[in-house]
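Notebook open, structure about to go on screen. I'll jot down what I look up as I go.

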Amino acid sequence: MRALLLAIAWWLAVPTASAEVWGREYFGNPVLTTETGAKKKFFDDLIKDKIVAINFIYTTCPDSCPLETARLVRVADILGDRLGKDVFFYSITIDPKVDTPAILKGYKERFGARWSFLTGTQADIDGLRKKLGLYLPEIQDGSNN
């Protein structure tokens, strides 16, 4: 696999002890930047009390990233107006040096995606991937085939 492309969904709205485990203290609140340049706090703005699906991509990925994005577009179409209201999708780059907000915007437009594409510091992205169990040292920017 050339890229780490996994989607994870959580239900964070349930006020249980398990929800507290997945809280701000666990994730921290790193600031990510959307494809439009808007700043978003990961926990407070993106996942708190929401059903979310998060995938990690990089725009120069030649195979699995485009396929996964295209499939998420199909799921978004099925969700219709529930996307962004009841369910939230986020695609986060694993290659922030290349994937600037402008590059992410072009990638989003290419697929007709209706959700946020985000970038941030490499340290923050790697930290989130580790917290989500989606950090594999052998799969970083796709350069290790």
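First, a term I need: buried means under 20% relative accessible area, exposed over 50%, and partly exposed in between (1.4 Å probe, protein chains only). By that cut-off I had to call Asp49 exposed, because its relative accessibility is 51%.

Note on what I'm using: this is a predicted model, where local features need pLDDT of at least 70, side-chain atom pairs count only at pLDDT 80 or more, and totals for chains, interfaces and linings use all residues. Residues are numbered from 1 along each chain as its sequence is written, and side-chain values use heavy atoms, with hydrogens and water left out.

Back to Asp49: I found it in the loop between helix H3 (42–47) and strand S4 (51–57). Helices (H or I, at least four residues) and strands (E, at least two) are DSSP runs, numbered from the N terminus. Its phi is near 60°, a positive value in a residue other than glycine.

Next, rings. Those of Phe, Tyr and Trp (its six-membered ring) pair if their centres lie within 6.5 Å; planes under 30 degrees apart count as stacked, over 60 as edge-to-face and the rest as tilted. How many aromatic pairs does a search of the whole structure find? I got six. One of them is Tyr107 with Phe111: the centres are 4.9 Å apart and the planes at 50°, so I logged it as tilted. Both residues sit in helix H5 (residues 101–111), four residues apart, about one turn of the helix. Tyr107 also pairs edge-to-face with Phe117, at 6.0 Å centre to centre and 65° between the planes. Tyr107 is buried because its relative accessibility is 3%, and Phe117 is buried at 0%.
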